[in-house]
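Reader: I would like a close look at one part of this structure. Could you pick a sheet and walk me through how its strands are arranged?

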Amino acid sequence: MILPGNATVTDATSIIALPAAPLHALEIWSNPQDLATRVHKALGFALPPMNRSAGNAAITLLRYEPTVWLVEGDTSVLADTLGDDGALTAIGGGIVRFRIAGPGWRELLLEGGVFDTSPAALPVGATAATVIDHVGVRLFATSEDACIVYVPASYAQSLHHFWEEALPLLGA
Amino acid sequence: MSGPTRVPSGEETIEFTFDGTSYHARQGDTLAAALLANGIGLVGRSFKYHRPRGIMTAGIEEPNALVTVGTGGRAEPNTRATDVFVYPGMVAKSQNRWPSLSFDVASIFGLAAPALGAGFYYKTFFGPAKHWLRYEGFIRRAAGLGNAPTEPDPDNFSQSAGFCDVLVVGAGPAGLKAALDAAEAGKRVWLVEQDAVPGGSLLRDPDPAIDPGAMVERIEALGGKVFLRTTASGYWDHNFLTLSQRLVEPGAVPPHGFAQRLWHVRAGRVVLATGLIERPVPFANNDHPGVMLSQAVRSYVRRWGVVPGKRVVIATNNDDAYLTATALVEAGAEVVALLDARASGPAAPAGVTVYHDARPASVSGRKHALRKVTAVIGGSEQSFDADLIAVSGGFVPVSHLHMQAGGKLEWNVEAQAFIPGSNPQVCETVGSALAPPPAPAVAPAGKAKKSFVDFQNDVSLADIDLAWQEGYRSVEHLKRYTTLGMATDQGKTSNMVALSRLAEKQGVTVPEAGLTTFRPPFTPVTMGLLAGAGARNAGAHVRRIPLHALHEAHDPIWQPLGYWFRPRAYPVNGETLQQAALREARTVRTAAGLSDVSTLGKFEVSGPDAAKLLELVCATTVGKLAVGRGRYTFMCREDGFVNDDGTVWRLAENRYLLTSSTGGADRMAHFMSYVRNSLRPELKCSVVNVQEYYGGIALAGPKARGILAALTGAEPPRHMGYAPGMLAGVPVHVLAASYSGERAFEIHVEASHAAAVWQAIEAATRAEGGAPYGLEAMELLRIEKGHVVVGGEVDGRSTPQDLGLGGMLNKAGGFIGAAGLTRPALSDPNRNNLVGLVSLDGPIPEGGMLIQRAGQSPQGHVTAAARRIIEGGAIALALLQGGHHRHGEELIVTSPTRGEKARVRVTSPHFYDPAGERYRD
Amino acid sequence: MYQITCPHCGPRAQTEFTYERTTDSVVDPAGDAQTAMQALYTRANPMGLDDEIWRHTYGCRAWMVLTRHRVSHEIHAVKAIGPEALP
């Protein structure tokens, strides 16, 4: 029963800002099927569908938009396959990645949010772009225990503070 | 000994204070229960007449017993004593009384009640204004509830999203069953209950067959969530509800920093098991302490072991109140009379005399304690010696959420009640709200003047009659004229009583008289809860520029700019803002300065159709730009007015960088997406918002080129040229753009490397006698140069021609706004045009109006005022009717609000280097 | 707050979306001034169903047309618009 005042601090849930990484936006504007085939051949895996991820040790693609993928890692192979059907644009400097790990990560991301972070709506490997406390963020459920949140750099510090403040509420 | 007492079982272990006196309470007591247990019947003073008031109910519908709980910033005024649970150290205070609760000076207003009747506030508006000024002070002192705390609330408030298949509101017998059924069917269930324990009516009328605690455990074991002290306060579109959860009681210190939580819940299905609220009975002095609702009396006896009176009269029009008689008798109280308005009723407990066709007419008492109840029985009056009257005028189904959801009501004649009917959302009502006990209409027996209907707003039957007499026919007018149902209880106990009276006056049935609208919240919500984490920092996160920490080391004056914070000036040696800005601007004019321009809107546009898209968005030509070149550009809205401005650069064959204003960056991002994806989805191009990817540094001044050449080891591009380069070991874009009027560059660098680049440029600039400059210096520089700013001269009403930019328009057309610009009104020669103003005497007041002579209508206004940076003398930019053709004219700038005035001469807006010679090397 | 079923993301809160305009107020950049002004200032504004352009701005950023009832707020249909995209 959820009684007033019996909050327990879940120490196990942590928020860590990850070091800056090369991130790119891959946008496809023409011949999507052709290009998808070329990319599949070059990378060894298919472009992920909406709100899903795919990748290997060198590169991860996260699809948040119908025509745009967020690419994390080495884009050299990808760049050569695009031809005149798409382009890569560097965006890493504008994004801070947070790793939220521990049993409370799904509950923490409901704080100030509007998106259902339950495993049914955000299974491991899934991605979702949404709003947390008025800030547009992108979620990537990397495992049962952790999620990466991509936050606009300008909001990173205050959103981090927002989450730290909300930690004691977990399980409250 | 009369008055409320406690049944001697259980320990009173919790200490609290009420009006400074210490008392004890039992675990689980509401403040109301604890006060009654301590023999306290007088709890507050009424809103308008300051009449003594006691505790009338045992729930959230309480209109009378409003107290302030907590101290300092945690104080919560207007807390219902029936809806707050006592905790150790709780500090509660009565309200609206002076000097003390039992002796209140303003209660003599009660004697003036005839003058303060319905519509009193409205009536004060008529007649001379100076009379109103006198009334106002009087009304403000006299009328009111508790005082808002003056200190900031130290607690946090959380706002969280919630999702469930089934949301059940109310943990009474019907709600518990609905929640358990859904949980057993494998649904994700939320059950919310405003009380601190589950059970609802079972807490008053226990049923050995139902164990609320066990049901809650079962629901939770099946994965359901049960929220206590949580009120479903709003029902919005598409099964979206807001729940306000108290994590601690009002005024208590929350262990984890959060006092309350607002849940935003999207539910697949909603089950409303919200029950009934009992109707009071109108009779003279029915607001006296010692007049209590029948079910409330039963709750105090059964749930809290508090007997609110020794000698009790019960007045009812239904069977339910007979249960109260039983409870009182069991608790050892004497029921001196049971007044049943009906001709017959069920059997009463032994020893209780039932009077049929009996209605209460008045009560009286002494020192706020009830002494006598007078009733009309048959045709004659009879008085009873009593210290409590338990009343029941029937029941009102709690249909607030149902109505907020857009539901319909059905009239039940037997119960004289509106019952929830169909609902357009996925929502149903269950339980007693669908089946209120039969309770016939009863004509009030007492004098209308003191027969209160709305206890919290001091509205009596006589006030309703007066409103009717003065022509207020609709229920909505009645509400506004009398303030009925407008207090913090939103008429939970009063609306139906009043509506019956109105229907009676109109000679129609109650449903024909109509109902006022139900609006959220169901019970009052603390402002902090609505603000959430935004209660601090003006409700928004601060957006930090990449170099925030670096600037902070210079201790600048910060300027909030939208959500951003940017350095406004870097004062040294105790300079004022103006002194610092002037020094910084002079440094730029004479040596070099560097400034943070990271917040500029920036878009990378790539692909074979990139230029096509840009020629749609930009009102200037773009396609002819050579690789490595850029130009000033501006964007129009579809109606032809300028929307934003910036620069566009061709970085490579199929790649462009477009910059736009800071303030318009989000708007521009949306606009770019609209044009590219909605309007022209066939274009082969990619638009990426890189506003935050790049940190931007402007380097300006006669020495800028030399500084940059030394830092990059390469000849910087000429004015409006672009070149990639390396600076401080980091790849950068160098854009030779100028906003200041000096030879200048914007250096854009991936934000995570911006600090190294800034530090290198700052050191080199300082070595040349330069310095960083902030927004204030930038403003002085751009005004002198005659550059427009979005939000200043570009005010949403100015065309390119108005701003002197007409010559730059793409002659081929085809851009957004081209059609709008052809409207004849936009080429009216008398439109407001951008001009410069040179003062012929003192400073020019910013925002001042431009007139020819005193007393004339304004012909324009000053958009930005400054001084000449080197020469001195006041200048300004202004929008002036027909201004392009009025250079040389003398005008007056006047600012009546500031009491400032200046004589000015109209000039070109380009005060500084109009030929652009300083851009040449 | 509405729940809008984004064609790409499924049901999401209205907070993530922004309203743009009705489909009958779209201005063709190649059109003449009179048609443009008519689109901007003389919309049908029916008391019933209307086709509205919305954007999942704080989600997948994609555009769509909502057929929405302006009185009951019921959303009858959602149709994706925008460049050709992979499923």
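Author: Start with two strands of chain B. Strand β36 covers residues 642-652, and strand β37 covers residues 655-660. They run antiparallel, and four bridges join them. You can find one facing pair here: B:Ala652 stands opposite B:Arg655, which belongs to β37(B). This is a predicted model, so treat everything here as computed.

Now take in the whole sheet. It is open and has five strands. In chain B their order is β35-β36-β37-β34-β38, and the pairing is antiparallel. Look at the two ends of that order. The edges are held by β35 (630-636) and β38 (686-689) of chain B. Each has a single partner strand, so one side of each is left without a neighbour in the sheet. The strands are also turned against each other. Between neighbours in this sheet the angle is 25 degrees on average, with direction ignored.

Finally, step back to where the two chains meet. The contact takes 42 residues from chain A and 46 residues from chain B. On the chain A side, β2 (23-28), β6 (86-90) and α4 (153-166) each supply at least two residues. The largest share of that side is nine residues, from α4(A). By type, the chain A side divides into 24 nonpolar, twelve polar and six charged residues.

Notes
Residues numbered from 1 in each chain as written. Chains lettered and ligands numbered in written order. Predicted model: local features only at pLDDT ≥ 70, side-chain atom pairs only at ≥ 80, totals over all residues. Pairing = 2+ DSSP bridges. Axes fitted to C-alpha atoms, helices over the stretch in contact; angles between N-to-C directions. Contact = placed C-beta atoms within 7 Å. Nonpolar A, V, L, I, M, F, W, Y, C, P; charged D, E, K, R; others polar.
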